[in-house]
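Here is a short briefing to read alongside the model. Please keep the sequence and the 3D view open as you go through the points.

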Amino acid sequence: MARAGLLALEFYSPDTGSWRQAHMNGRYVILRVMIEAGQGLITITKTTGDDGKEDIHLKLDRTKILPVGKPAIGNFLRKLQVYKSTGDVEAATAMYGHYSEVHDDEEPHFLSLRSVVLARKTPRKMMVQHNTTVEGPTVKLQSYESSADGLVQSFIDRFPTSEVDDILKELMEKDQPYFTN
C-alpha cells in the first residue's frame, strides 16, 4: 500500500489540485498517515537509479507495522468514522483534505517526487492468452509476447477463419432469450 500511495501521484493534477481517481487518492492518504506515524515506519529518499536517472527508494520497516502502522491507520479510520457517524462533514473534509495535499513544503516533497514517478512510469502490462494445438499425440503450447502484436496474433491463431463470426452470431442468437427483459 505504501508503494501504491507513491505511484498514485501519477493521478494527481497539480494544475487543479485535485485527484483524477478516488481510490488513488485513498492510497496516497494511507501513505501519508503511515509517514506521519513516524518512528521510521516509512522512509522515502530520492536516489539515482542504475540507469543514471532520478529514482525513489521507499522503505517500509516490517518490524514496525504492528506497533506503529496498525495503530496509526486505526486512529485515522476511527476519527474518520466518528466524523461520518456524527455527520461532521467539515471536520471530515478538513482531515481528509489535509492528508490529500500534495506539496513540497516538507519532506518528502511529494510534488517533486511526482515528476520522478511520471518519468519512471512503465506501460501497462498486457495479459495475452496462450493457445494450445494438438499435433499427433502431443499437445503444444504456443506463447506470445505481451504486446498489442502478440494479442492480435493470439486471436489470429485461435480463430484462423472468419467462420468465427458466424459461430459467435449463432451462439448469441441461442442465448438471446435469456437476456431479454
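A residue counts as exposed when its relative accessible area is over 50%, as buried when that value is under 20%, and as partly exposed in between. With a relative accessible area of 58%, Gln39 is therefore exposed. Please keep in mind that this is a predicted model.

**Overall shape and surface**

- The radius of gyration of the chain is 25 Å, whereas a compact globule of 181 residues would have one near 16 Å.
- Along the principal axes, the C-alpha atoms fill a box of roughly 65 × 55 × 35 Å.
- Of the 181 residues in the chain, 28% are buried.
- The accessible surface comes to about 13,000 Å², and carbon and sulfur atoms contribute 55% of that.
- Among the contacts with a separation of 6 or more, 50% are between residues 24 or more positions apart.
- There are 22 positive and 25 negative side chains, and 7 Å separates the centres of the two sets.

**Order of the elements**

- Strand E3 covers residues 42-48 and strand E4 covers residues 54-60; the two pair in the antiparallel sense over 7 bridges.
- Within this pairing, Thr43 stands opposite Lys59 of E4.
- The hairpin has 5 residues between its strands, and Gly52 in the turn takes a positive phi of about 85°.

- Glu135 has Thr138 in E6 as its bridge partner.
- Here 2 residues lie between the strands, and Gly136 has a positive phi near 65°.

**A closer look at Thr132**

- Thr132 belongs to strand E5.
- Is Thr132 buried or exposed? Thr132 is exposed, because its relative accessible area is 58% and the cut-off is over 50%.
- Beyond its neighbours within four places in sequence, Thr132 is in contact with Val139, Lys140 and Leu141.
- Arg158 is 26 residues away from Thr132 in sequence, and their C-alpha atoms are 8.7 Å apart in space.

**Backbone details in the loops**

- Gln39 sits in the loop between helix H2 (22-37) and E3.
- Although Gln39 is not a glycine, its phi is positive, at about 55°.
- Which residues does a cis peptide bond join? The bond links Glu107 and Pro108, with an omega of about 5°.
- Pro108 lies in the loop between helix H4 (89-100) and helix H5 (110-119).
- His109 is in the loop between H4 and H5, and its phi is near 55°, a positive value in a residue other than glycine.
- His109 is partly exposed, because its relative accessible area of 26% falls between the under 20% and over 50% cut-offs.

How values were computed
Residues are numbered from 1 along each chain as its sequence is written. This is a predicted model: local features need pLDDT of at least 70, side-chain atom pairs count only at pLDDT 80 or more; totals for chains, interfaces and linings use all residues. Side-chain values use heavy atoms; hydrogens and water are left out. The radius of gyration is taken over C-alpha atoms; the globule rule is 2.2 Å times the number of residues to the power 0.38. Buried means under 20% relative accessible area, exposed over 50%, partly exposed in between (1.4 Å probe, protein chains only). Contact means heavy atoms within 4.5 Å. Accessible areas come from the Shrake-Rupley method with a 1.4 Å probe; for residues, only the protein chains shown count as cover. Lys and Arg count as positive and Asp and Glu as negative; His and the chain ends are not counted. The place of a charge is taken as NZ of Lys, CZ of Arg, CG of Asp or CD of Glu. Two strands pair if DSSP finds at least two bridges between them. Helices (H or I, at least four residues) and strands (E, at least two) are DSSP runs, numbered from the N terminus.
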